[in-house]
Amino acid sequence: MATKKLKTYTLAEMKDKYIGKVGTQERDEYEYELRMDVLGKMIKAARQERNLTQEELGRLIGVQKAQISKLESSANSATIDTIIKVFRALKAEINFNVKLEDNFVKLA
């Protein structure tokens, strides 16, 4: 019995097909939301590693528990200042990478 060879696709090919090519508004929005979701998960993991409740972390940076909950579910409504405060309160080192046109600048 002959076997049929299945066509395989890379993740990049699937994103291009179903979300949009790199540089399109749809793809940029998707990538932004994905990064914010990952950032929220990192905040939650760091908080749990430090054995802090959302309320305790909120008190450390001067916000309500609800704002910590929103950050952890998706950090897209947070300011850079708030995110920096959160990671400082968690005693976590943070690094930002900024890409300017064809150049790459790393900020610590």
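**Ile61.** I looked up Ile61 and found it in helix 3; helices (H or I, at least four residues) and strands (E, at least two) are DSSP runs, numbered from the N terminus. Buried or exposed? I noted that Ile61 is buried, with a relative accessible area of 13%. Buried means under 20% relative accessible area, exposed over 50%, and partly exposed in between (1.4 Å probe, protein chains only). I then listed its contacts, where contact means heavy atoms within 4.5 Å. Leaving aside neighbours within four places in sequence, Ile61 touches Ile68, Lys85, Val86 and Ala89. I also checked Ile61 against Arg88: the two are 27 residues apart in sequence and 9.0 Å apart in space, C-alpha to C-alpha.

**Source of the model.** I am reading a predicted model, in which local features need pLDDT of at least 70, side-chain atom pairs count only at pLDDT 80 or more, and totals for chains, interfaces and linings use all residues. Residues are numbered from 1 along each chain as its sequence is written, and side-chain values use heavy atoms, with hydrogens and water left out.

**Confidence.** I looked up pLDDT, the predictor's confidence in each residue, from 0 to 100. The protein chain averages 86, and 89% of the residues score at least 70. Confidence is highest in helix 3 (residues 54-61), at a mean of 95, and lowest in strand 2 (residues 103-107), at 58. Where pLDDT is low, the predicted coordinates should not be read in detail.

**Helix 3 and helix 5.** Which residues of the two helices meet? I found Leu57, Leu60 and Ile61 of helix 3 against Lys85, Val86 and Ala89 of helix 5. I sorted the residues of this contact into five nonpolar, no polar and one charged. Ala, Val, Leu, Ile, Met, Phe, Trp, Tyr, Cys and Pro count as nonpolar, Asp, Glu, Lys and Arg as charged, and the others, Gly among them, as polar.

I next took the axes, which are lines fitted to C-alpha atoms, for helices over the stretch in contact, with angles from 0 to 180 degrees between N-to-C directions. The axes of helix 3 and helix 5 (residues 80-89) come within 9 Å and cross at roughly 110 degrees. The two helices are therefore roughly perpendicular to each other (65 to 115 degrees; under 35 is roughly parallel, over 145 roughly antiparallel, the rest oblique).

**Two loop residues.** I checked Asn51, in the loop between helix 2 (25-49) and helix 3. Asn51 has a positive phi of about 55 degrees although it is not a glycine, and it is exposed, at a relative accessible area of 67%. I then checked Lys91, in the loop between helix 5 and strand 1 (96-100). Lys91, not a glycine either, has a positive phi of about 55 degrees and is exposed, at 71%.
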